[in-house]
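Q: Could you take a close look at the part of this predicted model where the ligand sits, and describe the elements around it in one connected account?

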Amino acid sequence: MATPVVAVRDLRRIYPLAGEPVVALAGIDLDIEAGEFVAVMGPSGSGKSTFMHIVGFLDRPTSGTYRFEGRDVTELSEDDLAGIRSRRLGFVFQAYNLLPRTTAVENVELPMLYAGVGEAERRTAALAALDEVGLSKQAFHRPNQLSGGQQQRVAIARSLVNNPSLILADEPTGALDTRASEDVMALFERLNHERGITIMLVTHEPDVAAHAKRIVTFRDGIILSDAPRAREAVTQ
Amino acid sequence: MRLPPLKLPSTLRIALGALARNRSRSLLTMLGVVIGVAAVIITVAIGAGARTSVASQINGLGSNMLILLPGSVNLGGSRTGTGGASTLTIADGLAIAQLPHVAAVSPTVTVRTQVVAGNNNWQTTISGVAPSYTFIRNWPLASGTFFSQHDVDATAKVAVLGQTVETNLFPGGADPIGRTILIRNVPFVVTGTLSAKGQSSVGQDQDDTILIPFSSALERLTGQTTLASMLVSADDSSNIAQVQSEVTSLLEQRHHIVAGAPDDFSIRNLQDIANAASATASVMQLLLAGVAAVSLLVGGIGIMNIMLVSVTERTREIGLRVAVGARRTAILWQFLVEAVVLSTLGGAAGVIFGGVGSVAIATLAKWPATVPPSAVVLAVAFSALVGVFFGYYPAAKASRLDPIVALRFE
Ligand SMILES: Nc1ncnc2c1ncn2[C@@H]1O[C@H](COP(=O)(O)OP(=O)(O)OP(=O)(O)O)[C@@H](O)[C@H]1O
Ligand SMILES: [Mg+2]
């Protein structure tokens, strides 16, 4: 079997607060293989975002191991992690997080700026990514000229422009209506299916999770269930 | 502080993009540095202009000139020794003229009196001088001729008029040459007129004068044999000091002054006066430069202030940049380059405004407008430095932000 994209063992994250420490993750074991589409569910405060941040190297675990594509993340420097992040990872947030007063295409180009991609290549790749999310016509619109669904699709274009192996999405449909949510989820499904990009997506909505191939449920910092098919999650 | 390697083209692109997105804030941030640098440039230009102006005024007094006065002069400049007031003689002047490196000597005998020409009269200063006077004072004629050694020998009754005297005695543009004027009822024939010299550095109208042969002045006006002062011109500015010391020892010898006793004459060196004046100008300029530097510093603090606000405002942007793969050093460089670009652009704008302001002030003050290129380079370089200095702290703060906190920031 090939190396998993994400392999965590006994992962813990404890916030050392003044009163009593907050245990956000209390021992997570999880493998995500290349090409998987995983939905992470669970009640508020169960540690989903914390887990996603650690998987995306934005945060470091208190203990446990994390291998990304076989490499032990705890042994890598911050600059190494930034390099991996710019080439192998894509982020999508609930709040889109586009740069204001900046055109869609320039927003999409941003990760390539830090990956050292040349100017002409940047523009070509950014326009291709926008085309892929169906926003060719809006390439030169600014965020305030786009609907929420369109903004989230720009953010998705930004996350996939560097050809990542893994896209991490934290409640990407949290701010969208049903219709726009469906569009965004269809897009994720297509990226996963056609381009083979591994996707890990945090959501509260069973309808959204139903697009995934596997559903992992968190509670109080541990994995409560890990079910391979969407239908089971819906009926849960 | 340790600065990581910089990828300038992409950093510059990122920084310029961020600045362009916030154009009005960028302009406001620059304002402090613009004002500071403009102040520096204007200060330097005023200083340079004032110095040139002082130099040319003092040059206008005469070339390589020493002024010899009878009686001693104490440090305050007031004369002492009443008997000493008549110690300089024609013979002293003739002896001084023989010294090496002395180009010319002219005695001066001054009389303040009423002068009459036809129906007009005018109170003015009559100066009895030698033919070399116009050379010593760098003072060309406007018309006619100056008197000669022959006129001096003959105590001729000839006169050369300054511009102010000419316009008052011969109003309406009448040609004074060949006409007769009465000085203390003695008729003098006007042979020439002097070109305009303007005010002296102490504000005296130098054109309000009539020049006549010193012999005529002594014999026909004062009836004395001693001189009011003597002008000595060295053959080169580098020889002024030498001439001064030689004149001193010559006169001490001629006046039988024993070593250690006070001299009965004094010598004023124009170079000393010029140096004193330019030293005053330098102190003034230093003061103004201090004020300018403070305003530049304030401009720098303004940049730091707004960069700090900017970092807070753009917390989410910073978090996002980290999330898409920016290294901390890239964030640091972005904000540092933003600050430096702002301060340097501000500096450049300040140079332009300062240049325009200097020309305006110079025009008003009738100075030559000089903005030394070194000041321009220095001002821009210094403002860039201000950007580095005051931009580093906000940039470091930005680069240390926790991306998770930054992404959650509202
Ligand atoms: N910076 C922090 N300091 C202290 N405690 C924190 C911090 N961040 C998160 N926590 C705590 O860690 C726990 C897990 O938080 P996390 O954000 O991962 O939850 P979540 O599952 O994403 O919740 P939601 O569905 O509401 O987004 C919570 O109890 C939270 O209060
Ligand atoms: Mg969350």
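A: Helix H1(A) lies across strands S1, S2 and S4 (63-68) of chain A and runs at about 120° to S1(A) (contact means heavy atoms within 4.5 Å; axes are lines fitted to C-alpha atoms, for helices over the stretch in contact, with angles from 0 to 180 degrees between N-to-C directions; helices, H or I of at least four residues, and strands, E of at least two, are DSSP runs numbered from the N terminus). This is a predicted model, in which local features need pLDDT of at least 70 and side-chain atom pairs pLDDT 80 or more, whereas totals for chains, interfaces and linings use all residues. Residues are numbered from 1 along each chain, chains are lettered from A and ligands numbered from 1 as written, and side-chain values use heavy atoms, without hydrogens and water.

In chain A, 4 strands form an open antiparallel sheet in the order S2-S1-S4-S5, strands being paired if DSSP finds at least two bridges between them. S2 and S5 (71-72) of chain A stand at the edges with a single partner strand each, so one side of each has no neighbour in the sheet. S1(A), residues 6-15, is joined to S2(A) by 8 bridges, and A:Arg13 has A:Leu25 in S2(A) as its bridge partner.

Around ligand 1 there are 15 residues, the closest being A:Ser44, A:Gly45, A:Lys48, A:Ser49 and A:Thr50 (near means a heavy atom within 4 Å). Because these residues come from chains A and B, the site is shared between chains. A polar side-chain atom of A:Thr50 lies 2.5 Å from an oxygen atom of ligand 1, while a side-chain N or O atom of B:Arg408 is 3.3 Å from an oxygen atom of ligand 1 (polar contacts with the ligand are pairs of N or O atoms within 3.5 Å). Strand S2 (22-32) and helix H1 (48-55) of chain A are the elements that give two or more residues to this shell, and H1(A) provides the largest share, 3 residues.

Note on methods: A polar contact is a pair of N or O atoms within 3.5 Å; within protein, one must be able to donate a hydrogen and the other to accept it, and residues adjacent in sequence count only if both atoms are side-chain atoms.
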